[in-house]
Structure formats: structure tokens, C-alpha cells
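Notebook open. I want to look up a strand, a helix, the symmetry and one interface, in that order.

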There are 4 protein chains.
Amino acid sequence: MDAHALAELVTANRILAREGIVDAFGHVSIRHPGQADRYCLSRARAPECIEGADIMEFALDGTPIGPRGRKPYAERYIHGAIYEARPDVRAVVHTHSPGIIPFGVTAVPLRPLMHMCASMGTEVPIWDSRTAFGDTNLLVTSAAMGRDLAAALGQRPVALMRGHGAVVAGASLREVVFNAIYLELNANLQQRAATLGEIRFLSDGEVRAILATRSSFTFERAWEYWCQRAGQPYDERPMEGPLSKC
Amino acid sequence: MDAHALAELVTANRILAREGIVDAFGHVSIRHPGQADRYCLSRARAPECIEGADIMEFALDGTPIGPRGRKPYAERYIHGAIYEARPDVRAVVHTHSPGIIPFGVTAVPLRPLMHMCASMGTEVPIWDSRTAFGDTNLLVTSAAMGRDLAAALGQRPVALMRGHGAVVAGASLREVVFNAIYLELNANLQQRAATLGEIRFLSDGEVRAILATRSSFTFERAWEYWCQRAGQPYDERPMEGPLSKC
Amino acid sequence: MDAHALAELVTANRILAREGIVDAFGHVSIRHPGQADRYCLSRARAPECIEGADIMEFALDGTPIGPRGRKPYAERYIHGAIYEARPDVRAVVHTHSPGIIPFGVTAVPLRPLMHMCASMGTEVPIWDSRTAFGDTNLLVTSAAMGRDLAAALGQRPVALMRGHGAVVAGASLREVVFNAIYLELNANLQQRAATLGEIRFLSDGEVRAILATRSSFTFERAWEYWCQRAGQPYDERPMEGPLSKC
Amino acid sequence: MDAHALAELVTANRILAREGIVDAFGHVSIRHPGQADRYCLSRARAPECIEGADIMEFALDGTPIGPRGRKPYAERYIHGAIYEARPDVRAVVHTHSPGIIPFGVTAVPLRPLMHMCASMGTEVPIWDSRTAFGDTNLLVTSAAMGRDLAAALGQRPVALMRGHGAVVAGASLREVVFNAIYLELNANLQQRAATLGEIRFLSDGEVRAILATRSSFTFERAWEYWCQRAGQPYDERPMEGPLSKC
């Protein structure tokens, strides 16, 4: 893993912490830039505290490569299962951000109502660990649970996890960070709007138009801003290639 | 463009970011102090990051004057169209501030309920890009869209944009910053009050009395405070002349 | 006015700003420690920015004593009228804190539901400038308006002002700052609790018991904390004497 | 009391303040590590301001041991009564955190809806000081009141106090701090979710599974993060032994 990718991943952790998307828990990974059958993820540590030396490599089944005594996240299986099922995915966020939790435990579907938030797509599924695994501690601590979650996600960018949080998958690190932040915003806005009355959501055509026309520059502009807020250096070079269109 | 105006515009950007009115997106412009057929607006950058060298000049149709390689905001047409239609307007804010979004996607009209917020006027129209332009990415990326929005705004100080945000137009930079901040406050207060029951809004006569009696000192006092919070130097001299009365 | 009182008043301004009770607007005064027919209040400036040299003296009718070119608050009449009507009052806060505004524009009475908030008393009246003065800009800019507000306040510690804010009056500076902060908290809590269902408020007997048994130490302990948060030095000596019991 | 325990208790105070669980009021204690019939608690001071020299020792009946002129919290009886009734308890938090207050004054039971919050257990009782003691100032200022509260708590980890706050009891300092923070989060999430519709809470089986499988590492990871946010040094050694399972 090259120094640039590693620095970007540390920065992503700090941004998600600064923006209130993760607290002591939650994590973000990238597919290894040089080896598609590996992913990079911090050792088990709060995102706000993560440094370069914390970043580990994993096989897609969750086996640490060269752990050097570092303790991995118990829920790393989330990441491997999504990379395994989705060759288009190069980055994954797992979050407990507060605004989205209510939409995982009630019958109100989370839907985009603002243009910045269209990247969640027109339908956000809810994965419930209980359906296939019964009464558990809700943590995704096996490849089997990870794969079940990845199946619920399907080809979509976001899945909620009942009583737990969400996963966000995308074509680049900056995209998933962006999507995780605006997913939380949309949840908060939808919550508020719901108290006022019926909501006019984005039409499916609008969501498609937003996804079809967005450029990576949108992510760059936000990334510079979030770097500044998180006290992290801003590197103009994004790490990955094309944008996801789904 | 003189150094004072340029510094004021940078400060306005930083204030709007500090007060949570803009995040990585949203922008604020002034009509060029010396040339009424031009306006000044940053290159495409998050307001929190903007420096003097980022400020560009544009013709009212959105053509950059001396861009020197700087990338303009795709939505600069919002600003030019309003300056074109409204000779009284000397500054424009485009915002996505969270509190106002619910009022753009529900049937509840945003109305002033507190004296500080009367500058939004008694009626706030909602512009929906879909009415004239169908399913788009909602961005105002042409002069035609900008003019349609400006027509919806009419002679008013504020228009909401469905699923997107708002525009605020006024006679001075300090006035539009003030209005954008208190617009957001009113939206948040109205949201809360709506959960309690029927709201007694300001009467039309009260709104008119507030607009008729307010002095630029109100804006100065707030500007000093916001400069301090944003870590920007406070310049006692406001940039522009008379107050808008509508 | 002695240096201790002056420093305390500056600190009170900074605390109210830091705790979100005032923004660019709102003010806090004390009755002059040595001359009961005068009060001390900053020149017209945002509380966060106020320094010792900004503190002015006023006669109870609002006439500045030795203004030395300093511009007074247009609403200083609030303070003078309350000191005039209430010999027991030694400090007054005028605030626009957001949580209380909805209770001034709806029919839901603000009532204490938590022990820290009992100092608002069992009944909080709403003063509406429109009742006696018709359509105005809502500002209390004359002795007549100030006296009308003071009459609505009566012997109570708090009155809401419709579409505007509130006044808090008490026996000491630390008491009114305390009361203004916990008034806002109660409003926020009552707002939330109201969405859950019927609220069990403090009984009148409990409110009376809290007022009868509280000691100035409660205010001291909070004052030290708020000084630390506001970056102000903490002076252990409170400025005034006995506690108000109503 | 050894230096390590003392430093941990100071850090716990600062964390609770930084995370908004306590303001000028609220407190946290530990059972004395070497003498099970004593507990350690700060003198009466805001948690944000507490330093090592503020930590006092008390007998379980609330008698200060070597007070050296330091003024104790009037409500220290809360702590002694719980240590007396619950040999398994090694740390207690008393909080007024805002999110939980509405659940103490309405008929909506607070219940865990998110995995991080399961440590509150499946049932949270509400202690009302009025039931046994009538109209008081609501403060727990005697051993009799403390014991009545401890009886309401029973063998549970959390009890709400009507119009006042809550107590959190657990097997270690890091556990009670963790539980107090996630109790507040759950209250906020439940409040929001309730506005959307019927909530799917964690099942009792899930709560049991979470309590049965959690490891002290969960607390360590959060503790490091909270230390960093509070500007406190992080000591990797937790102070106490086994985890509570109830």
C-alpha cells in the first residue's frame, strides 16, 4: 500500500469523526490499490485516533495480512464481503451516525429529498441481522453475516442495518465519505420535514440525472473543506479512477 | 474591484461557513462596486477555504472576466440573473442551510415569527426547477434557469428552491448575510413551534414596521460579532449605501 | 461603579454568548451597586465582543450618564423600567434564546419540568407588544413600552415577549444568568417532552421548595464552570447579597 | 486511594463534561479500590473543573473522611446508598443529561433501540422523589432518600429520576461512563424515532446477547477516544476487574 493511499485513509477516518458520522465506533476501508483481493482498514481503534501505523491489510475473508500484533475490528467482515460481491466497489464506510438509526427501526423509508443526497439512490434497503441469524449482539462478526449483509445491499450504494447503522459502498474513498455525510444530512432533514407534512422527494428521474451528471470535482471541493475542518492536509490528487454511476 | 470590497466578500464567505449556513457548497456574491454589469464571486471552492485570490469577476451572463485558469461555480447563473433583473440588488447568497430545506419540500409556508427574521418578508415563494425544466440534477447551470429562478424571486428578498436551498438578495453584503442567517433561524423556530400548535406569526404590519425602521447599525453590530466568531478582522466601514426597504 | 462589578458584568455577557443564550443581540444589566437609581449596561454591541470600556451608566429613564460618544442599546428601556418597578431586582437579562421563542408564539404555557429550571416560577406570562402598541417593530424603544413590559412581568422572575424573546429579573447577576440558561434548557426539554405525550411538570409545592431551599452556592458552582467555558477569570466573590425567593 | 484511580476519576469527570452528559451539575464516583466501605467523589464542583485535589473519600453513609475544609455534594447520598445495596457496583454516575429528562416526565418507557445502548437493560425504572417524600426540592440529600432511590434501581444498571435525571451503576468506571453516554444517545434516538412511528426495539434476547458477549475492549476503545476529545491523557490500564453482566 503506497503512502498516498494510506494518508488518504487516515484522513477519511478523521473527517468522518470530525463530521459526527462516527464516534468511538464505525470504520472506513479501501480496496487495496494494487491487489484487488485485499482491503485496507485500521486496527480496532476510534477513527478520531487513527494514525498511519494502524492501517492493516486483510484478505477478503477477513484474515489479517501481517498483523504484527494489531487487533482487528470484530466487524471487518462487513468490508470483505462487500468487496467480494462488488468488483465496482473500492471503498466502504460502516457508520452508526445518529440521524439514520430511526429509519432503521421504523417503517418510514429513507429517501432523498435534496440534491446533495441523491447518491443514496432511490431505494435504501434495511438489513436485519435477526432475519437470518436470530437474537445476536447485532455485530457482523463472521463472513456468513457479512455476505448476508452484502446480499441485502445488492448493487446499491447504501443499506441500513436495523438497530445498528448503515454501510455505504462506492467507487472511491472520497465518494463514500461524501455519501456517508450527506446520507446523515438527508436523514436529519427527512425527520424534520416529516413533522411538517407530506414530503415531495426527488423524483427517480432527478436522482438518475444527478448520478449521471455529477463529476468528481464535487467530491474534491467537499474533501478540501472537510480536510480543513479535520486539521488534515489536503492532497489534490484523488486516489481512484472513475465515478460509480449506480 | 478594490481591496476593501474583496476583503469583505472573503469575510462574508467565512461567516456563512462559521454560522452553518453553507457547508462545502453554497456561495455569496456582490455586484461589482464600480461596474454595475459585473459581479464578483469566488472560484468553485468551499466558502470556509476561500481567499482573496479566489474572487473572480463575471459578466451578468456568467462569462468569467480574466479567469486566469480558475474554475467557476457551475451555478453562477443564479447570481447574474438576479443582478440583471434587480437593479436594487447588490449582493446575493445561495445557501443549502438545513433548516430551510423542509419548507421547500412540504406544503407549510415559511413565514416570519420573530422580529429578527422579518427581513424575509411576508411571503417566501418556492421555485421548483422541475416546473419549467423537468427532471434535472436541480443545479442552476444556465442563464435560462437563472432567469426562471429570478422571475420566481421577483421583487422579494428570498426564494426557496425545492429540494435544493434558497437565494437571498439584498441591497448590501451585510444585509444578505444577516438575512441568510436569520432565515435559517426562523425556519428552525417555525419547525419547533409547529410541533406545539398553531403559530402566531408577525403581522404584515409588523413586518412592514421592522423593514421601515431598521438601520444599518443592526447589520454592523451583527457583523462585528460574526467576524469575531469567524476569526476575521472587523472593518467598521460597510461597503454599500442605502438599505433595501422591500 | 467598582472594578469588580464591571468585570462581573463583562463576564456575564461572555457567558451568555458562550452558552448560546444571546447571539449578536440580547443584553444583561446590573443595578448600580452604589446608586439604586442607576443601572449599568454595555453600549450597543454584541455580548461576545463586550469589554470593560463598553459598560455605560444610565438613569432609570434610560438617559445615559457620561456617554462619552458611546451608542446605547435602543432597548435599554427594558432594564430601567424593571429596576424602577422592582426594588428587589439587581440584575436583568434580555434574551432571544431560540428554545423559548416557540412558547411565545403558541398557546402552550412554558412550565418547569426539571428541578434546575424551577427558578422561572410556576407561571410565565407572555407580553405582547401589539396589545398596547399595535403594529410596531416589536422593539422596546421607549419608557412607556418598558413600563408596560415591567407591568406584565409583575413580581415574577421571567416574562416571555411574543415574537421577540424574554426578560429575566433577579436579585443578583449570577442568579439571572443562571435563570436565563436554565430557562432555555427547560424550553428545549418541554418541546421534546411534548412530542412524547402528556408531561408531569414540577408541582407548585416542589417549585416553592426549590426556591425556599436553594443557596447561592448553586450559582457559584455554575458560575465557575461557565467562566471556564467562556475563557473568563473566575472571581469567587459574588457581587450581591441575598437571594430572591420569588 | 492510589494515583491511578484518582487520575481515572478526574478523567471520567472531564469526559462526561466534554460529551455533554453533565453541565455544572452531575457527578461520578468510584468505590474505594482498597476499602469496599468507602467511595471517592469530588468536592462540590462542576465536573469540567475538577482536579485531583478535589477528590474526597466518604463512608457509605455520606460522612466525609478527612474533608480538609472541602464542601461535599449535597447529593452524595445517591452514591453511598447504591454502593451499600449493590456489592457488584464499583462506579456510579448521576446525570441530568438533557435527552433522558423527557422520559422521566412522560409515560413513554425508555428502551434500547440500538446495540451500543443495550447496557441500559430491558427495563428502566423511574424513581419519583414525590412518592415517598412529597413536595421537596427533588434533591437526594439524605441517606433515606438515597436508599429509596437505590431500592428503585434494584439490580438494574439505570434508573431515571422524575424531573431530575438518572443514576447509572456498573462494575467499572469506564462502564458507567460508557453507559451514561449511550443512555443519552438512546434517549435522543428514541425521541426522534417516536416522531416517525412505531419503533422496533432490541429484543430481550438481543439485549442479553449483547451483555453476554461484550468485552472490556469496547470500553477501552471508547475511553481512548473520549480522553482525546477531553484533552486528558489516556491510560491503557483500566482500573477494575470483571464486567457486569446485568
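**Entry 1: strand β5 of chain B.** I began with burial in β5(B), residues 91-95. The strand is mostly covered, with 5 of its 5 residues buried. I note that this is a predicted model. Next I checked which way the residues point. B:Ala91, B:Val93 and B:Thr95 point one way from β5(B). B:Val92 and B:His94 point the other way. Both sets are buried.

**Entry 2: strands paired with β5(B).** I looked up the partners. Strand β1 of chain B, residues 27-31, pairs with β5(B) in the antiparallel sense. I count 4 bridges there. Which residue of β5(B) stands opposite B:Ser29? I found B:Val92. Strand β8 of chain B, residues 165-170, also runs antiparallel to β5(B), and 5 bridges join the two. For B:His94, I traced the bridge partner in β8(B) to B:Val167.

**Entry 3: helix α6 of chain C.** I moved to residues 173-196 of chain C. Helix α6(C) has 24 residues. From first C-alpha to last, α6(C) reaches 35 Å. Is α6(C) mostly covered or mostly uncovered? I find it mostly covered, with 20 of its 24 residues buried. Then I checked what comes after the helix. C:Gly197 follows α6(C), and the phi of C:Gly197 is positive, near 145 degrees.

**Entry 4: chain A onto chain B.** I superposed the two copies. A rotation of 90 degrees, with 0.0 Å of shift along its axis, puts chain A on chain B at an RMSD of 0.0 Å. That is the relation of a four-fold axis. Which C-alpha of chain A is nearest the axis? I get A:Thr195, 5.1 Å from the axis.

**Entry 5: chain A against chain D.** I finished with this interface. The size of an interface is often given as the accessible area lost when the parts come together. Chain A and chain D bury about 2,900 Å² between them. Of that area, 61% is on carbon and sulfur atoms. The contact takes 36 residues from chain A and 31 residues from chain D. How many salt bridges are there between chain A and chain D? I count 3. I also noted a salt bridge between the side chains of D:Arg200 and A:Asp128, at 2.5 Å, N to O.

Technical notes. Residues numbered from 1 in each chain as written. Chains lettered and ligands numbered in written order. Predicted model: local features only at pLDDT ≥ 70, side-chain atom pairs only at ≥ 80, totals over all residues. Heavy atoms only, no water. Buried < 20%, exposed > 50% of the residue type's maximum accessible area, 1.4 Å probe, protein only. Pairing = 2+ DSSP bridges. Expected span 1.5 Å × (residues − 1). Least-squares fit on C-alpha atoms with pLDDT ≥ 70 in both. Contact = heavy atoms within 4.5 Å. Buried area = accessible area lost by both parts, 1.4 Å probe. Salt bridge = Lys/Arg side-chain N within 4 Å of Asp/Glu carboxyl O.
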